[in-house]
Amino acid sequence: ILERIDINRADGRRWFREVLAVIGRRGGKGYIGALCGAYVFWHYLCLVDPQAAYSIDRDKRLAALVFAGKKAQALQNQWRDLVNVLIAAPCFQPYVSQSLGESLTLHSKVSLNRGSELASQGIKTSMDLASFEVLPKEATTMAGRGPASFLIYFDEMAHVVATGASR
């Protein structure tokens, strides 16, 4: 692992592109995955204006998607672990926009002020103007289409039947 870390750093990478966490039952995979996700998330948050940094429309949310065989499984396990880490960490708390039953939205440093900018122009909106969203998804062919994803989890994919759309 240390050798792989050195290789990544030499190539300018801040984290592993993929992690296969082969850890036994009750080994803390979800929590470790959530800590890793928070680390990656923090990198994007520190960009101040991540949409501009990657030439993405400023109103397009960046998505962290958690896939599992069923959406309920994603929601109850890895998604909840990631959300719990993000909303409990003092460094993320100023950026939390909405924590709902099946989504979490967070602001970037730029989107924190977007509502007041619109208000100064006489525009009133109740829209959530956050830059990031964390969503649970079922592993289907269409579930990941559309969002500009910066973080993707595949939870318990060893148990997904290798046929049909989930494949």
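This is a predicted model: local features need pLDDT of at least 70, side-chain atom pairs count only at pLDDT 80 or more; totals for chains, interfaces and linings use all residues.
1. With a relative accessibility of 4%, threonine 105 counts as buried, because buried means under 20% relative accessible area. Leaving out residues up to four places away in sequence, threonine 105 touches Arg61, Tyr95, Val96, Ser97, Gln98, Asp128, Ala130, Phe132 and Glu133.

2. Five strands make up an open sheet, and their order is β2-β3-β4-β1-β5, with mixed pairing. Strands β2 (96-99) and β5 (148-154) stand at the edges; each has a single partner strand, so one side of each is left without a neighbour in the sheet. From one strand to the next, the twist averages 20 degrees.

3. Strand β1 covers residues 62-68 and runs parallel to β5, to which 6 bridges join it. Phenylalanine 67 stands opposite phenylalanine 154 in β5.

4. Helix α4 (residues 71-88) lies across β1, β2, β3, β4 and β5, and runs at about 160 degrees to β4.

5. Helix α2 may be examined on its own. It has 17 residues and reaches 24 Å from its first C-alpha to its last, close to the 24 Å expected at 1.5 Å a residue. Its buried residues are Gly30, Gly33, Ala34, Gly37, Ala38, Val40, Phe41, His43, Tyr44 and Leu45. These buried residues pack against α3, α4, β3, β4 and β5.

6. The largest nonpolar core has 28 residues, of which Phe41, Leu86, Phe92, Leu106, Phe132, Val134 and Phe150 touch the most other members. Two or more residues come from each of α2, β1, α4, β3, β4 and β5. The greatest contribution is that of α4, with 7 residues. Leucine 86 illustrates the packing: leaving aside neighbours within four places in sequence, leucine 86 is in contact with Ala38, Phe41, Phe92, Leu104, Leu106 and Val134.

7. How many disulfides are there? The count comes to 0. In general terms, a disulfide is a covalent bond between the sulfur atoms of two cysteines. The sulfur of cysteine 36 has its closest cysteine sulfur, in cysteine 91, at 15 Å, which is too far for a bond. Cysteine 46 is likewise in no disulfide, as the nearest cysteine sulfur, that of cysteine 91, is 8.4 Å away. Cysteine 36 counts as partly exposed at 43% relative accessibility, and cysteine 46 also counts as partly exposed, at 36%.

8. Is aspartate 59 buried or exposed? Its relative accessible area is 52%, so aspartate 59 is exposed; the cut-off for that class is over 50%. Aspartate 59 and serine 131 are 72 residues apart in sequence, yet their C-alpha atoms are 7.3 Å apart in space.

Note on methods. Residues are numbered from 1 along each chain as its sequence is written. Side-chain values use heavy atoms; hydrogens and water are left out. Two strands pair if DSSP finds at least two bridges between them. Helices (H or I, at least four residues) and strands (E, at least two) are DSSP runs, numbered from the N terminus. Axes are lines fitted to C-alpha atoms, for helices over the stretch in contact, and angles run from 0 to 180 degrees between N-to-C directions. Contact means heavy atoms within 4.5 Å. A disulfide is a pair of cysteine sulfur atoms within 2.5 Å. Buried means under 20% relative accessible area, exposed over 50%, partly exposed in between (1.4 Å probe, protein chains only). A nonpolar core is a set of buried Ala, Val, Leu, Ile, Met, Phe, Trp, Tyr and Cys residues joined through side-chain atoms within 4.5 Å. The expected span of a helix is 1.5 Å times one less than its number of residues.
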